[in-house]
Structure formats: structure tokens, C-alpha cells
Amino acid sequence: MKNKSYLYILLVPVIFFLMKNGDENKTTLKFTSNPELVTIQPDQDWKGNPLDEKGRFVNLYHPFESNLGDLLKWQMSKNPQKEEKKSEIRRLPVDFDSIVFDGQEDYLIWLGHATYLMRIHGKVFLTDPLLIDNTFLKRESSLPFPLEKMPKLDYILLSHNHRDHCDENSIKYIAKVNPSLKILTGLGLESLINGWTNGHTIQEAGWYQQYSLLDSGVTITYVPSRHWSKRWLTDDNKSLWGGFYIQNGNYSIYFMGDSGKGPHFADIKKTLGTPDYCLMGVGAYKPEWFMHQAHISPKDAIDAFNTLEGKFFIPMHFGTFNLSDEPRMEPWDILESNQKKIKGKLIEPLIGKNLLIDL
């Protein structure tokens, strides 16, 4: 127990105490969306995000089935890779050239975990910012530049409310130094983050809804993932989780967020087309019996990427924080050894490097 990751204890004390083995997903009574946003219909029967009888969001295909016993089983069990993980000295490589901020060209820069800094058509976006260490989440890979060197931001994209994606101190800092910032997120998140901002605009979307981005030259659609949400003891699945599909007319970027495997990847491709760049989570996946509903494994991420028919596979969600049982760099090793199975190009995710490639 002593050497285990404290992610789920950190995320929610007694994390699954109120979850009843997925029973909340068995009865769907209504649907919801943001009536102020445009919806891209994935099929003729789409009515919006499904809610269970208690008004909680549910996954499209898989009920989230877990309980306190599963959490305790993981935390109390022996990690067969404990010594391998303890002895690993490799870190994510960092390669940053500040000249990228001086020009006008687009960029896509990984800052670690699920945080990407993007400039698209002159607008600057930041996904799922976790930039400031706290008591439990401490970086094992450095930021490529000091926080005060961060360029001015136009938008934050928040995929869901878990603390390794939606960090209070990071958002407070960003909001303070970016007075014109706008925040794009899923349904139900505004009530959590509104107090961390200074009256900044917050847009909430349901799955397959497009945000209102006037004069940006960019279209961003909130898309499904297989996951869940919880911040406190009694707010399980009261806010939505998902990913982002970004289009600018020249190329497209799919940001997965957190997700287990499922048919939603095929749905996204069918609805929005094949993305050029796929930012795929590949870490925090062991033990798989516990993690598979929320975090996809490297091999399953390859299958999902092939389903999406993307051009460039850019892995994320590994190597930055100690969240699970696998060694820090194992996800990348698995991807490298399975490159021939990837029907596209695998991009080494150097922190700080512009990962955009001429199409």
C-alpha cells in the first residue's frame, strides 16, 4: 500500500462508495444538451446526452461498473512490476526552442500528461492544465519553460473534472494572467470552476456539440469518451466527460481526454471525419482489470487510432505523474515495439517540441 499510486484516493475520498455496480446506467429517462450550441447529429436518433433516472450522465455503450471493493483490492494487492518501476530512471525527454513563440506559425506543444499548448490561426489554446504541483501530484518530467513564459491564452479546453485534468491552482493562475480567456468544457463543469475564474466566459457542451467561437477560424466539437466524473463524495457523474475534435480547414486534431476502449471512436470518425493528429492517452492503464473502463492501454489505443484512420499518432497521459502500476516509460516502449501495427505515423512526444508536421 505504501508504494501505491494515490491517484484515486486523491481524486475522490472513498472513490466508488456511492456507485452501485453500474445500476444507474440501466434506466435512461431523459436526454440533455446545451440549447445555445449547434449539434452535429451522429445519427438520426440522437437526442443528446443520456441521463439516468437520478439525472447522472452515462456512457453511450458501457455502464461504469466498479465499487469500493475494487479500489481496495487494487490498493492492497502487490504490484508485480514494483521493482521494475522503482528502478526506472528514464524520464520524458524535453526539447524546447522559445523561438516558436516569436513567429506566427501554428504549433502543437506537449507540456506533459494531458496538457497541450496549441496556436491555431493565431489563437492560443491549452488543454487540461495541470501546471502546478500539489501535495499528491508531483511532476516526474519538467515543464519546458517557466510558467511566467507561457504565451497569452485565448481558450482553455477542459475535458472533465478529475483532478489530474482540472486543477484548481493551475486554472486560478491562468485566469489571473489571462483576463480575456474563455473556457470550453462539458455540461455541468461551470458550477465547479466558476469560482476559480474572474468572471471569464465558460461554455458547456454536450457530446457532438460545437462551441461558439466567433472569428477564430477554428471549429471545436465536444465528443464522447468512455469514462466517468467525480470530484467529491456525492457528485458522481453530475458533470460530463469527453474529448475535443478541432478543425481549422487545413488540418484536424482529435484530443481523446480520458477514455476506455469502445465503439465511440468509430462514431466520432463517422460523424466528423478522419482526424489528422490523434492525441491518444496510453498510460495509467495497469492493473488493466481495474483501469480498463477509464484509461485505454497502449495496444488498445493503437486499435482506436486505426479505427479513427488518423495520420499521426501522438501519445499522452504517461510519464509525467505516478498514477498507476506500470513503469513510467512502459507505454512508449509498447508503442515503439508495435509500430508496424499502427496504420499511420507514430510521433515521439518530446515535451516542448512543436509536434505539427507538414501534411
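At 5% relative accessibility, D236 counts as buried, where buried means under 20% relative accessible area, exposed over 50% and partly exposed in between, with a 1.4 Å probe and protein chains only. The model is predicted, so local features need pLDDT of at least 70 and side-chain atom pairs count only at pLDDT 80 or more, while totals for chains, interfaces and linings use all residues. Residues are numbered from 1 along each chain as its sequence is written, and side-chain values use heavy atoms, with hydrogens and water left out.

The side chain of D236 meets that of K230 in a salt bridge, at 3.6 Å from N to O. A salt bridge here is a side-chain nitrogen of Lys or Arg within 4 Å of a carboxyl oxygen of Asp or Glu. K230 is also buried, with a relative accessible area of 1%. Both residues belong to a network of salt bridges that links D52, R56, K230 and D236.

## Other salt bridges

Side chains of opposite charge can pair when their charged atoms come close. In the whole structure, a search finds 11 salt bridges. One of them joins the side chains of E140 and R328, at 2.9 Å from N to O. This pair links distant parts of the chain, 188 residues apart: E140 lies in the loop between β6 (123–127) and β7 (155–157), and R328 in the loop between β15 and α9 (330–337). Helices (H or I, at least four residues) and strands (E, at least two) are DSSP runs, numbered from the N terminus. E140 is partly exposed, with a relative accessible area of 25%, whereas R328 is buried at 14%.

D300 forms a salt bridge with K261, and their closest N and O atoms are 3.9 Å apart. Here too the pair links distant parts of the chain, with D300 in helix α8 and K261 in the loop between β13 and α6, 39 residues apart. D300 is partly exposed at 22% relative accessibility, and K261 is partly exposed at 46%.

Strand β14 (residues 277–281) is mostly covered, since five of its five residues are buried. In a regular strand the side chains alternate between the two faces of the sheet. From β14, Y277, L279 and G281 point one way, and C278 and M280 point the other way.

Two strands pair if DSSP finds at least two bridges between them. β14 pairs with strand β13 (residues 252–255) in the parallel sense over three bridges, and F255 stands opposite L279. Between β13 and β14 the chain passes through helix α6 (residues 264–272), in a right-handed β-α-β crossover. Right-handed means that, with the strands pointing away from the viewer, the path from the first strand over the helix to the second runs clockwise. β14 also pairs in the parallel sense with strand β15 (residues 312–316), over five bridges. There, L279 has I314 as its bridge partner.

## Nonpolar cores

A nonpolar core is a set of buried Ala, Val, Leu, Ile, Met, Phe, Trp, Tyr and Cys residues joined through side-chain atoms within 4.5 Å. The largest one has 63 residues, and those with the most contacts inside it are Y116, I220, Y254, M280 and F313. Helix α8 (residues 298–308) gives the most to this core, with five residues. Apart from it lies another core, of 25 residues, among them V124, M150, L153 and I193.

What is M280 in contact with, leaving aside its neighbours within four places in sequence? Its contacts (heavy atoms within 4.5 Å) include Y254, F265, A301, F305, F313 and I314.
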